[in-house]
Structure formats: structure tokens, C-alpha cells
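Subject: Structure handover

Hello,

Here is the structure I promised you. Please open it alongside these notes.

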Amino acid sequence: QASSRQRQTTPFASPCVLEASLHPRRIIMGQAAANETTTHASSSHSSGRAGFTEEEFRQLCKALQPMRHKAGTSVDLSNFISRFPNHLRPLVQPLFFQLAGNFGEPAAAWPMLIEGLSALIHGGSATWQWLLDAWAAGPETSSNSNEHTSTDVELFLELAASLCFWCAYPGLVPLASSESEASVGTVTDNIHVELDGMLSCLRSCICSSSCALSSPVNNVTAVAKQLDATIPFLPRAVGPTFASVLTGTPTHGFASALESRILGAGLSLLLRGSDAHLWESGAWTPLYRDWCDGRSFNALLKGTLYYDGHALLVTRTTQGEVVGGLSNAWEDGNGKFGGTSECFLFSLSPGFQVLRSNARSGNYVYLNARNKHVARGLGFGGQPGFFRLWLDADFEECYVLENDATYSAGQLLLGSGMQRRFEPSVVEIWACGSEEAKAAQAAERARVEGVREQARKVDKAKLVENEFDKEMFFQKTFQASGIRDEASST
């Protein structure tokens, strides 16, 4: 109850306080390390750069200031975490022990530390298992133990996910940060709401998996496997931040603000973390938003037509639920399915899940407006009349099914029965492809519009063969044209 009250007043401070209460020795050791007297290692010391370039290694030595002892060269815990922004220090601290390979020591052996950092920065060694283990290996836990209380495992998840969130958005700082840190970052009033929303989705993800397996959420490895299946790329946010802080490598992170009425920083980060293409994609741009483009299927088609890339359909229902899908086929199929196995379905609220293609059927995405003899609308999976996710052309007969032959089984919306109807309150489509895809769409639109404009222009001289035809059949037309010409000349 105390931790809940803390979270409400200081949304970011609570994980730090909870982490310190679980493992108080970590804070004490950091203070002890700051008082330890050692000498700096000579600049000539080098036992290999562990894959770092010469410049990266030089910056790394400058940042961490390895110190030579009789037993070897090491880096102090206090010196390590002091390189990071204030709001990241409590979250980075357990990773120091993870990288050092020996929990509880106030210093890390230099060779082992740079090997671990190289694997994290260059090799992408940050996985859910690795991150969760950083908090699971506390002083009261044996090194080979994988069993914890459900409360502890959920806490490990919150801490690891919070670290990923702040690393993914290096330009943001929490409200509890100091004024000096706020001067180099953006403080937003609702950022803690975005983070809490993301954490809530992740908790629902592991809880739903636990209920399906009829087992408690107390096994770190089981939770890590579930997260790897749902949102495997989120831990990759950690490496670039370490590279930026310790080696000076530029990192830009993701854009934290979308002009969306559904997707904020937290939910958009979950979607990015669920798919390799989304994780590597640049800034997302809107193709269609019903609240500014108009609620009509023609407006949707106008925004998506000629777009040759990945794009996200996201809709919020009148009940507050959020569902959608990723498609790479935005051409009118004239009643036929398109897309590839890269397409998937997802739900973000009330629960978070990703339903990927199981390759039993090729019915990935359906988009039809021209063929009036079959269903007109946008659908995923299933078959005409029985789509897994369906938005009809009037946005009035929308529904989801519990399963189909294309995507994994699961309830996109809560409810009983095979089919659950819903009424969309907001519909948005976001382009997640390359800049080239957007440029190609704009060029194709311009070309088509040019052809249409040319077709609308009629060379009046070609309509008639002689003055008789002109006077007999097109007298009023050419009279009106002459009047306009005289008016313009005067």
C-alpha cells in the first residue's frame, strides 16, 4: 500500500525506492566505493579493446577512469553510475553488477566490464532474460534460483521496462528529475501516464499468459520467454544509451509525441518493440485519421492509396478498447487478399497481445472498395464475411473473431462467443515505412492527378472540323469562351 501511494505522488520515484528497499546493499556499496582511495590506471594500460574502435575505447577510458590495483584494474560502481542522467542511475546500477558478473562488489574488473559492455553495445546482448536477471540476482537470492514471488517478478518487469522506456526516449526526463537535468530534456506533464500505461500493458501480458498456463507469475525465465514472444525488441533500447553515455556515440531515440488520439509514447513504444520492421522504422506519419480527415472509407482510401510500405491500423472502440493490425498491402485488392506473413494483429487495451501469422493461410489483409459484389471494407485474416478483424466501408458493422486460419488464436476484445462486434470511436492509420515509400506515394499521386487533369482538358479545336460544325453544334460554347476572352483582355 505504501508503494502504491508513492507511485501516485511520484510516478518515477517509486521504482527507485522499491528497488532500493529490495536490495539496500547496492546503495551502501555505491557510497563505500565513492570513498575508496585508488590510483588511476596508466594511459598505456590495454588488454584488448573487446571490439571497441580506438576512439570508442579512448572515450570509454575517459568516462570510466579505470583504476589500477595490485590485483588488477577495475572501475568503481559510483564512477560508473555517475556518468548517467539522474533518473537513470537507480535503474542502471543493477546492470553494473550484471556486467561485472559478481553481485555485491563495489568495483568491476576492467577486462570483464568492457567485454560485457561490448556485448551490450555492439552485440545487442540486452534481452528480457538478461535484464530481469539483473534485478532477480539480489543479495538474498541464490545465483541459480529462478523462483520468486509474483510481486517480485512484476517488480523486476516494471524496473526493466522503465529502463527501456527512458532509454528509448533520451530527450524526455521524469517530473521528479532535477532542474539541471530538465534543462537538457523535455518534461511533459503526462509522461508518467504514458509510462504507467505501458507498464500496465506488460503486466496484463504476463498475467494473461499465466492464466492460460494455470501457473503463478513467479518464474523469471517463463516471464522472459513470454516477453520475447510478444515484445522482443524493447530491450534493444538499452545498448544505444550506454554507447552514447560511455563512448559518445550519437543516439536520437524515437519521437515521443505523435499527433494521435490513441497512440502515446508508451503504446507506440510497445508496438515498435513487437516487430523488427517497426523497431527500425523512422518517424511515423499519419495516412489517415478520422478526426481530421473525416469518417469515411473514401477518405481512408485517399490517405492510403499508392502507399507501398508497412502501416498500422489502430482503432479505439466506444468502450475504450484499442485493437489494430500491421499491413504491408494498401492497394485495393478488388475482393482479393494481399499482404505477407509480416502482417499481424494486436490489442493494446484492456490487455496487450500480439497475434502473428501462423502460415496456415495466405489471407493476411483484405482491402476492397471497387468490387460491389463482395464485402467492401478493410479486414485481416479469415475469409470474406468472416474476417478476424473487420471494418466495413460504413464503419457500422465492425467486429472481431476469436480465431481464424491465418493468425494465432486469442481474444482481441473481451467478450463471450466467437464474434464480438464493436463501434469505433477513433480510427487511425500510421505509415511506418521508409521516407522513400512516402516520397513514392506523393510522386504517384502527383502523376495520377496530372493524368486526370490532362484528361479533363478538352482541346476545343479538335472537336470541330470546320466553321459550320463550330456554328452549328458548339455555338454557345464558343460564344461563352469569346466573352471570357474579351473580359480578360479588358
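Asparagine 334 is partly exposed, because its relative accessibility is 37%. Here buried means under 20% relative accessible area, exposed means over 50%, and partly exposed is in between (1.4 Å probe, protein chains only). Asparagine 334 sits in the loop between β7 (322–327) and β8 (337–338). Its phi is near 55 degrees, positive although the residue is not glycine.

A word on the source. This is a predicted model, where local features need pLDDT of at least 70 and side-chain atom pairs count only at pLDDT 80 or more, while totals for chains, interfaces and linings use all residues. Residues are numbered from 1 along each chain as its sequence is written, and side-chain values use heavy atoms, with hydrogens and water left out.

Alanine 50 also has a positive phi, near 55 degrees, and is a residue other than glycine. Its place is the loop between β1 (39–40) and α4. Alanine 50 counts as buried because its relative accessibility is 19%.

Next, helix α4 itself, which spans residues 54–64. Helices (H or I, at least four residues) and strands (E, at least two) are DSSP runs, numbered from the N terminus. Which residues of α4 are buried? They are Glu56, Phe57, Leu60, Ala63 and Leu64. Seen down the helix axis, these buried residues fall within an arc of 125 degrees, so they line one face of α4. The arc is taken from the directions from the helix axis to the C-beta atoms. An α-helix has 3.6 residues a turn, so residues three or four places apart point the same way. On the other side of α4, Glu54 and Lys62 are exposed.

What do the buried residues of α4 pack against? Their partners are β3 (72–76), α5 (77–81), α7 (110–121) and α13 (238–247). Contact means heavy atoms within 4.5 Å. Just after α4, glutamine 65 takes a positive phi of about 50 degrees.

Serine 349 and proline 350 are joined by a cis peptide bond, with omega about 10 degrees. Proline 350 lies in the loop between β9 (344–349) and β10 (353–356).

Finally, the whole chain. The secondary structure comes to 21 helices and 16 strands. Of the 490 residues, 47% are buried. Among contacts with a separation of 6 or more, 67% are between residues 24 or more positions apart.

Best wishes
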